[in-house]
Amino acid sequence: MVCFCFLVDQKRVMKKTKPVAGSCSRCGCSAHVADMCTLTRFCNIPFYWKSWKAIVCCFCGAILKSYA
């Protein structure tokens with residue numbers, strides 16, 4: 001019997017940010033609108049990526065709201 005194990009991982013990357021009016025509901029610090037990119041890799045070869053926007057806290061890193 002042969003068993004194959006493959007490594008699949010997913011990484012979120014913030015490309016650029018802009019400050020937005022308001023604050024984080026968790027820690028109270030300022031928030032930013034960020035262009036996010038989700039990259040999924042299979043055996044270190046990227047095979048799927050998705051770009052989206054999110055409102056992110058600049059202190060704790062929590063994603064407060066996401067837009068498709």
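Trainee: Which residue forms a salt bridge with Arg 41?
Mentor: This is a predicted model, in which local features need pLDDT of at least 70 and side-chain atom pairs count only at pLDDT 80 or more, while totals for chains, interfaces and linings use all residues. Residues are numbered from 1 along each chain as its sequence is written, and side-chain values use heavy atoms, with hydrogens and water left out. A salt bridge requires a side-chain nitrogen of Lys or Arg within 4 Å of a carboxyl oxygen of Asp or Glu. With the closest N and O atoms 2.8 Å apart, the partner of Arg 41 is Asp 9.

Trainee: How many residues apart in sequence are the parts that Arg 41 and Asp 9 tie together?
Mentor: Strands are DSSP runs of E with at least two residues, numbered from the N terminus, and helices would be runs of H or I with at least four. Arg 41 lies in strand 2 and Asp 9 in strand 1, so the pair ties together parts whose separation in sequence is 32 residues.

Trainee: Which residue forms a salt bridge with Lys 53, and how many residues apart in sequence are the parts joined?
Mentor: The closest N and O atoms are 2.9 Å apart in the salt bridge that Lys 53 forms with Asp 35. Because Lys 53 belongs to strand 3 and Asp 35 to strand 2, the pair Lys 53 and Asp 35 ties together parts with a sequence separation of 18 residues.

Trainee: Is Thr 38 buried or exposed, and at what relative accessibility?
Mentor: Thr 38 is placed in strand 2. Buried means under 20% relative accessible area, exposed over 50%, and partly exposed in between, using a 1.4 Å probe and protein chains only. By that scale Thr 38 counts as buried, because its relative accessibility is 8%.

Trainee: With the side chain of which residue does the side chain of Thr 38 make a polar contact?
Mentor: A polar contact is a pair of N or O atoms within 3.5 Å, where, within protein, one must be able to donate a hydrogen and the other to accept it, and residues adjacent in sequence count only if both atoms are side-chain atoms. The bridge partner of Thr 38 in strand 3 is Lys 50. The side-chain contact, at 2.9 Å, is instead with Trp 52.

Trainee: How many bridges join strand 3 to strand 4?
Mentor: Two strands pair if DSSP finds at least two bridges between them. Strand 2 and strand 3 run antiparallel, joined by 12 bridges. Ala 54 stands opposite Ser 66 in strand 4. Strand 3 and strand 4 (residues 63-67) also run antiparallel, and the bridges that join them number 4.

Trainee: Which residue takes a positive phi in the hairpin of strand 3 and strand 4?
Mentor: In the hairpin of strand 2 and strand 3, with 2 residues between the strands, Cys 43 takes a positive phi near 55°. In the hairpin of strand 3 and strand 4, which has 5 residues between the strands, the positive phi, near 80°, belongs to Gly 61.

Trainee: What is the angle between the planes of Phe 42 and Phe 47?
Mentor: Rings of Phe, Tyr and Trp (its six-membered ring) pair if their centres lie within 6.5 Å, with planes under 30 degrees apart counted as stacked, over 60 as edge-to-face and the rest as tilted. The count by this rule is 1 aromatic pair. Phe 42 and Phe 47 form an edge-to-face pair, 6.3 Å centre to centre, and the angle between the planes is 90°.
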